[in-house]
Amino acid sequence: EYVFFEVHRRYLQVFGPLTDFSQIFQEGKYNCLTATTFYAIILDYFNFQYDLIELPNHIFLKVVLDQQSILIESTDPSRGFIKDSNEIKIHLKAYNSSINNSLTIKSSISEPIDFHQLIGLHYFNLAIKSFRFDNFKESYIAINKALLFYKTPKLFSFLSVLLEKT
């Protein structure tokens, strides 16, 4: 719990969509992907068991501590360390509800992803960011790198959109 709040105090200053991992250290900017990656690196270093849970537009951590699960919601600096089992159930239910309300996806929370796939999501975000700035070549390179790490329908779908645009 201490590490969660200390990381937010020292590094995670300003939420910004489509930020790069390096921006955490350069500007204090983060998003759910970069902050969750930062926490995953710390948890890995200290040999904690955790799952990276990817949603259609979000990612969070589920950590096992002494046979108790906690959630790390990296975008919530004041209430993002969730250890109460009832609060965890409420959050998981809300995540499932948001997925089921989606027009394109009808399922429950997906299976955890691994660190290799997490790297793919970083390239995917870079591809989207480049696309939004009309840098289609950089976007194409980034989405192809993403697909080396993580072959998922949303990445292939983005590649199709990108190829239609160019």
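## Basis of the description

Two strands are taken to pair if DSSP finds at least two bridges between them, and the helices (H or I, at least four residues) and strands (E, at least two) are themselves DSSP runs, numbered from the N terminus. This is a predicted model, in which local features need pLDDT of at least 70 and side-chain atom pairs count only at pLDDT 80 or more, while totals for chains, interfaces and linings use all residues. Residues are numbered from 1 along each chain as its sequence is written, and side-chain values use heavy atoms, with hydrogens and water left out.

Strand E3 (residues 49-55) runs antiparallel to strand E4 (residues 58-65), and seven bridges join them; Glu54 stands opposite Ile59 in E4, and the hairpin that joins E3 to E4 passes through two residues. E4 is in turn joined by five bridges to strand E5 (residues 68-72), again in an antiparallel arrangement, with Gln68 in E5 as the bridge partner of Leu65.

## Two residues with positive phi

Most residues other than glycine have a negative phi. The hairpin of E4 and E5 has two residues between the strands, and Asp66 in its turn has a positive phi of about 45 degrees. Asp66 counts as exposed because its relative accessibility is 77%, where exposed means over 50% relative accessible area, buried under 20% and partly exposed in between (1.4 Å probe, protein chains only).

Asp134, which lies in the loop between H5 and H6, is not a glycine either and has a positive phi of about 60 degrees; at 55% relative accessibility, Asp134 also counts as exposed.

## Helix H6

The 14 residues of helix H6 (residues 136-149) should span 20 Å at 1.5 Å a residue, and the end C-alpha atoms are 20 Å apart, which agrees; the expected span is 1.5 Å times one less than the number of residues. The buried residues of H6 are Ser139, Ala142, Ile143, Ala146 and Leu147. They cover an arc of only 140 degrees around the axis, and therefore lie on the same side of H6, the arc being that of the directions from the helix axis to the C-beta atoms.

On the other side of H6, Lys137 and Leu148 are exposed. The cover over the buried residues of H6 includes helix H5 (115-132) and helix H7 (153-165), with contact meaning heavy atoms within 4.5 Å.
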